[in-house]
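Reader: I would like to learn how to read this model. Could you take me through it feature by feature?

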Amino acid sequence: MNIVTTEEKQAKLDEIAAAVIGRELSLEIAKSCLNPVPGEGNPDAEIVFIGEAPGKQEDEKGEPFVGASGKFLEEMLQSINLRRDDVFITNIVKFRPPNNRDPNEEEIKACLPYLLAQIKIIQPRLIVFLGRHSMNVFFPELKISEAHGKVFRRQGKVFLPLYHPAAALYNGGMRKVLLEDFSQIPAILQTLAK
Ligand code: URA
């Protein structure tokens with residue numbers, strides 16, 4: 001049996017973070033950003049949350065989801081009795097695109113190996129997409145308006161697409177939908193083997 005300790009997982013995650021922070025990719029956004037944002041959280045997390053790319057505040061701090069969207073994400077985590085430290089939070093793209101433009105194909109493709117390595121180390125029971133951009137990297141065929149709140153399985157992994165928390169900031173209806181979708185997470189985890 002292959003038993004990997006928390007410390008070993010953390011060390012491997014630290015290696016990935018160091019590569020991201022070292023701006024090893026020859027992408028323009030890796031040079032232009034203030035701080036790369038590798039992602040952070042519990043190496044033994046049962047849930048990995050995947051957003052799109054860092055925004056202004058994330059770029060300033062080098063941490064994912066620390067702006068307004070992050071506040072709402074923390075509120076949703078609290079609503080199911082979880083804290084940031086319990087989960088792992090990351091993005092598809094690890095560097096802020098200028099003026100918050102959407103990341104392009106080249107940027108997504110170049111950063112994807114970091115994300116896949118993070119998932120391989122953590123081995124979460126559930127992968128939650130925050131928004132259509134991260135969902136479409138794994139499931140290009142899905143539409144977020146139809147897929148949100150539904151469980152998808154592929155290659156032995158379990159995925160839950162959600163609307164992006166930013167979509168709920170100024171839209172009460174969307175906020176309600178997100179909170180409802182989020183509230184299913186404990187029951188989904190219960191259905192998954194440990
Ligand atoms: N939006 C994202 O998709 N990721 C962040 O880290 C912050 C905002």
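Reader: Where is Val 177 found?

Author: This is a predicted model, in which local features need pLDDT of at least 70, side-chain atom pairs count only at pLDDT 80 or more, and totals for chains, interfaces and linings use all residues. Residues are numbered from 1 along each chain as its sequence is written, and side-chain values use heavy atoms, with hydrogens and water left out. Helices (DSSP runs of H or I, at least four residues) and strands (runs of E, at least two) are numbered from the N terminus. Val 177 sits in helix 8, residues 172–182.

Reader: Is Val 177 buried, exposed or partly exposed?

Author: Buried means under 20% relative accessible area, exposed means over 50%, and partly exposed lies in between, with a 1.4 Å probe and protein chains only. Val 177 has 25% relative accessibility, so it counts as partly exposed.

Reader: Which residues is Val 177 in contact with?

Author: Contact means heavy atoms within 4.5 Å. Leaving aside neighbours within four places in sequence, Val 177 is in contact with His 148 and Tyr 163. Gln 123 is another matter: Val 177 and Gln 123 are 54 residues apart in sequence and 28 Å apart in space, C-alpha to C-alpha.

Reader: Now the sheet. In what order do the six strands lie?

Author: Two strands pair if DSSP finds at least two bridges between them. Here the six strands form an open sheet with mixed pairing, in the order 1-3-2-4-6-5. Strand 1 (40–41) and strand 5 are the edge strands, and each pairs on one side only.

Reader: Which residues does Phe 49 stand opposite?

Author: Take the two pairings of strand 2 in turn. Strand 2 (residues 47–51) runs parallel to strand 3 (residues 88–91), joined by four bridges. There Phe 49 stands opposite Ile 89. Strand 2 also runs parallel to strand 4, again with four bridges. There Phe 49 faces Val 128 as its opposite residue.

Reader: How many bridges join strand 4 to strand 6?

Author: Four bridges join them, and the two strands run parallel. Within this pairing, Pro 161 in strand 6 is the bridge partner of Phe 129.

Reader: Which residues of strand 4 are on each side?

Author: In a regular strand the side chains alternate between the two faces of the sheet. In strand 4, Leu 126, Val 128 and Leu 130 are on one side, while Ile 127 and Phe 129 are on the other. Both faces are covered, and these residues are all buried. Five of the five residues of strand 4 (residues 126–130) are buried, so the strand is largely enclosed by the rest of the structure.

Reader: Which residues touch the most other members of the largest nonpolar core?

Author: A nonpolar core is a set of buried Ala, Val, Leu, Ile, Met, Phe, Trp, Tyr and Cys residues joined through side-chain atoms within 4.5 Å. The largest one has 55 residues, and Phe 49 and Ile 185 touch the most other members. Helix 5 gives the most to this core, with six residues. Not counting residues up to four places away in sequence, Ile 185 touches Ile 47, Phe 49, Ile 80, Leu 126, Val 128 and Leu 160.

Reader: What volume does the largest pocket have?

Author: Rolling a probe the size of a water molecule over the atoms shows where empty space is left. On a 1 Å grid over the protein atoms alone, where a 1.4 Å probe fits, a pocket is an open set of points with protein on both sides within 12 Å along at least five of seven lines; lining residues have an atom within 4 Å of a point. Grid points are joined across faces, edges and corners, and a volume is the space filled by probe spheres set on the points. The largest pocket has a volume of about 530 Å³.

Reader: Which residues lie nearest the centre of the largest pocket?

Author: Glu 52, Ala 53, Ser 69, His 164 and Ala 166 do, out of 26 lining residues. Helix 3 provides the largest share of the lining, three residues.

Reader: Where is Phe 65 found?

Author: Phe 65 is in the loop between helix 3 and helix 4. Its phi is near 50 degrees, a positive value in a residue other than glycine. Phe 65 is buried, with a relative accessible area of 5%.
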